[in-house]
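Please read them with the structure open.

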Amino acid sequence: MDNHSTNFATKCVHSGMNENEHHAVIPPIYQTSTFSFESAKHGASLFAGEQSGYIYTRMANPTVQAMEEAVAALEGGYKALGCASGMAAIHTVFASLLKAGDHVICSTAVYGPTVTLLQTIMKKFGVETSFVDTTDAHFVSEAFKPNTTLVFVETPGNPTLAISDLQEISKIAHAKGALVVVDNTFMSPALQKPFDFGVDVVLHSMTKFLNGHSDVVGGIVIAKDKDTYTKMRKTLNQTGGVIDPFNSFLVHRGIKTLQIRIERHCTNAQTIAEFLENHPAVKWVRYPGLKSHPQYEIGLKQHSGSGGMVTFELKGGFEAGETLINNVKLCKLAVSLGGVESLIQHPASMTHFSMGKEARAAGGIGEGLIRLSVGIEAVEDIISDLEHALELVSHVEEKELTPAEV
Ligand SMILES: *Cc1c(COP(=O)(O)O)cnc(C)c1O
């Protein structure tokens, strides 16, 4: 099935349907930690890898494997590794492909904990990282050192939705003998397939669009070739950050509707981005589907739709942000993204509150910055929710504070 169908929507529904003894249409949940052997000889041959079969769920489980096959098919990779979370997936990649003395180039606009992982744990083990604006491939080229072995790109990046040219970056990295790893969480394989642009490893937080229903934390790494896969599978077996059978089942179930969910996320987000761009309380809007996006042209080359994430800055600063999020009713005030429901986040009063105003400004996080994960509700309901809350928001530009006031 998987190899014969080239249509993505069909792959979403049918990929990773492993055989089972009762011909169940949906792969059963093998909620077991371990599998019995027929004899000492059978056990020995499984451990020696002479015969295929299951031993222990940390090593492999049929329900997990069915989901892994589905995601590998959607990304067009060799095989995938189901992980306990997106961060477990990122850690599996770093722990497998990096060693003490290596240097990493990482996009500046990435998921926050990715930065922390590189700056704390990976640093402790002797890996050095340069954070680079990867939207300009020249900056990537200039950041290379003799010991650079890995380039980590998130595109569109969090929270600014900055877009990086995967083909250009892959060309530069491969010429210098480095691997390219892409966090494809924001687009999902329905809209962007990094392997088509030469990327070596793709990963996702499946917590987001792949599962799509905000009821699972999970991650996945997809390898392009057998060697990289084998290396990473060994790490995952040893470090143990695997996804469990039930969460795998839920993600696999979510994937069946990925294509139709994404279509609605895209059309809703485009309509909302255009609405916001014309609203007097809004200073600017970032959405890959708007011509005003600084990397709009790069986006056209590498993704087939613009996704469900919209970021915008309110003219009224911090207070305007607070007013907006306190007055929306349909949009839920929450972090995370990619679910069927719309979620809204104000970094200055939520995720980035504790870092303080000056540090936020230095990191490019505006006081009136809002991140919206557009759900699949009727778009007019989301717009009327935002419209009502925006009426209460000041349309006045936030006054620049003098140094004494700061
Ligand atoms: C959420 C997220 C992660 C981390 O995933 P978890 O499942 O929360 O561990 C990594 N990258 C991106 C882009 C994300 O949005």
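1. Lys-301 makes a salt bridge with Asp-165, and the closest N and O atoms of the two are 2.6 Å apart. Please bear in mind that this is a predicted model.

2. The chain is split into domain 1, residues 8–255, and domain 2, residues 259–393. Across the interface of the two domains, the rule finds one salt bridge. Polar contacts across that interface come to 13 residue pairs, with both partners at pLDDT 80 or more.

3. Which helices each supply at least two residues of the side of domain 1 that touches domain 2? They are helix H1, residues 8–14, and helix H9, residues 245–255. The largest share of that side comes from H1, with three residues. Sorted by class, the side of domain 1 that touches domain 2 has 17 nonpolar residues, 13 polar residues and two charged residues.

4. On the extent of the interface, 32 residues of domain 1 are in contact with 32 residues of domain 2. Between them the two domains bury about 2,600 Å², and 60% of that area is on carbon and sulfur atoms. Three residues deserve a look here: Ile-163, Leu-191 and Phe-209 supply 28% of the area that domain 1 buries against domain 2, more than any other three residues. For orientation, the C-alpha centres of domain 1 and domain 2 are 27 Å apart.

5. A separate point concerns Thr-92, which is found in helix H4, residues 86–97. Is Thr-92 buried or exposed? Its relative accessible area is 1%, and the cut-off for buried is under 20%, so Thr-92 counts as buried.

6. The surroundings of Thr-92 can be listed briefly. Neighbours within four places in sequence set aside, Thr-92 is in contact with Cys-83, Met-232, Thr-235 and Leu-236. A polar atom of the Thr-92 side chain lies 2.7 Å from the backbone oxygen of Ala-88. The C-alpha atoms of Thr-92 and Asn-237 are separated by 9.9 Å, although these residues are 145 residues apart along the chain.

7. One is the Lys-301 and Asp-165 salt bridge. The other is the side chain of Thr-92, with a polar atom 2.7 Å from the backbone oxygen of Ala-88.

Terms used:
Residues numbered from 1 in each chain as written. Predicted model: local features only at pLDDT ≥ 70, side-chain atom pairs only at ≥ 80, totals over all residues. Heavy atoms only, no water. Domains from an automatic or database assignment. Contact = heavy atoms within 4.5 Å. Buried area = accessible area lost by both parts, 1.4 Å probe. Salt bridge = Lys/Arg side-chain N within 4 Å of Asp/Glu carboxyl O. Polar contact = N/O pair within 3.5 Å; in protein donor to acceptor, adjacent residues only side chain to side chain. Helix = DSSP H or I, 4+ residues; strand = E, 2+ residues; numbered from the N terminus. Nonpolar A, V, L, I, M, F, W, Y, C, P; charged D, E, K, R; others polar. Buried < 20%, exposed > 50% of the residue type's maximum accessible area, 1.4 Å probe, protein only.
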